[in-house]
Amino acid sequence: MDFRHLLILLLFGLVFCNSGKAQNNFPVYGEPAIGITVKTESPWSYDFGISHRNLIYSEDFLFREIQMELMHTTNYALNDRNKIGAGIYYRFREIFSDSYQDELRFLQQFTHSVKYNSVKTGHRFRFEQRFRKNTTFRLRYRFSGSVPLSSEEKEKKWFLTAHTETLWSLAKIASPEFDQRFALGFKKELSSITEVKFGVEYKYKDYTHQPESELFLKMGLSIEL
């Protein structure tokens with residue numbers, strides 16, 4: 001699957017999801033994030049990040065802080081294309097509302113990236129354990145791609161990015177849940193170690209039982225040391 005096929009799949013998915021069961025409330029969230037990657041001369045690298053999620057639109061038009069998330073992943077490069085990693089996330093939610101629950105999450109993942117001329121594609125397989133009031137196990141597969149918007153060889157470029165992700169969640173007290181995500185965005189190199197990203201992500205949740213849709217406005221700053 002190349003980048004053009006990914007874009008077609010994203011557009012088809014958005015049309016298909018919006019043609020499904022109607023939803024009275026369609027929330028929109030804002031999610032700014034900062035990520036830092038520490039590389040070493042060895043195959044090991046380390047990712048650190050912080051993000052903040054806000055509800056900026058719902059049926060009651062109420063702005064509301066939802067969560068703050070801290071994350072870390074340790075990665076080991078098997079070769080130029082393949083990498084394995086393990087990480088930990090913690091979501092602070094109870095400080096914003098008594099109705100929310102904090103969440104601890106562990107993950108293990110494998111990533112495979114391929115570059116075709118100027119187009120870069122990637123596959124990510126991830127297994128997560130989410131600890132809240134009830135423990136959930138989740139399998140995830142994401143296909144992503146990026147392409148420069150200029151063919152000229154410049155130090156700083158704009159890129160078009162896209163990804164789609166399938167999620168399968170299992171819990172002891174609930175039926176299996178299937179989710180699908182679609183995202184489109186842009187990123188720009190600010191320097192040799194920093195880039196800025198922004199875009200939208202559409203989440204179609206539990207589409208085999210009680211479908212729900214959510215839209216996320218994503219903004220991010222990435223730093224590589």
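Which loop does N117 lie in? N117 sits in the loop between β5, residues 103-116, and β6, residues 119-131. Before going further: this is a predicted model, and everything I say today refers to that model.

Let me stay with N117 for a moment. N117 is not a glycine, yet its phi is positive, about 55°. As background, most residues other than glycine have a negative phi. N117 is also exposed, because its relative accessible area is 76%, and the cut-off for exposed is over 50%.

D206 is not a glycine either, and its phi is positive, at about 50°. D206 is found in the loop between β10, residues 194-205, and β11, residues 212-224. Is D206 buried or exposed? D206 counts as buried, because its relative accessibility is 13%, and buried means under 20%.

Now the overall architecture. The strands form a closed barrel of 11, running in order from β1 through to β11, with mixed pairing. Neighbouring strands of this sheet are turned by 20° against each other on average, ignoring direction. In general, strands of a sheet pair through backbone hydrogen bonds, either parallel or antiparallel.

β4 covers residues 82-92, and it pairs with β3 in the antiparallel sense over 10 bridges. Within that pairing, M71 has Y89 in β4 as its bridge partner.

E59 lies between β2, residues 44-57, and β3, residues 64-77. E59 counts as exposed, because its relative accessibility is 56%. Which distance separates E59 and F26 in space? From C-alpha to C-alpha, E59 and F26 are 7.3 Å apart, while in sequence they are 33 residues apart.

Last, the surface. There is a nonpolar patch made of I34, I36, F48, I50, L70, L190, I193, L221 and L225. Together these residues have about 730 Å² of accessible area. Which elements give two or more residues to the patch? Those elements are β1, residues 28-39, and β2.

F48 is partly exposed, because its relative accessible area is 42%, and partly exposed covers the range between the buried cut-off of 20% and the exposed cut-off of 50%.

To go back to where I started: N117 and D206 both have a positive phi, but N117 is exposed and D206 is buried. That is what I have for today.

Technical notes
Residues are numbered from 1 along each chain as its sequence is written. This is a predicted model: local features need pLDDT of at least 70, side-chain atom pairs count only at pLDDT 80 or more; totals for chains, interfaces and linings use all residues. Side-chain values use heavy atoms; hydrogens and water are left out. Helices (H or I, at least four residues) and strands (E, at least two) are DSSP runs, numbered from the N terminus. Buried means under 20% relative accessible area, exposed over 50%, partly exposed in between (1.4 Å probe, protein chains only). Two strands pair if DSSP finds at least two bridges between them. Axes are lines fitted to C-alpha atoms, for helices over the stretch in contact, and angles run from 0 to 180 degrees between N-to-C directions. Patches are made of residues with over 30% relative accessible area and no salt bridge: like charges are joined within 9 Å, nonpolar side chains (Val, Leu, Ile, Met, Phe, Trp, Tyr) within 5 Å. Accessible areas come from the Shrake-Rupley method with a 1.4 Å probe; for residues, only the protein chains shown count as cover. A salt bridge is a side-chain nitrogen of Lys or Arg within 4 Å of a carboxyl oxygen of Asp or Glu.
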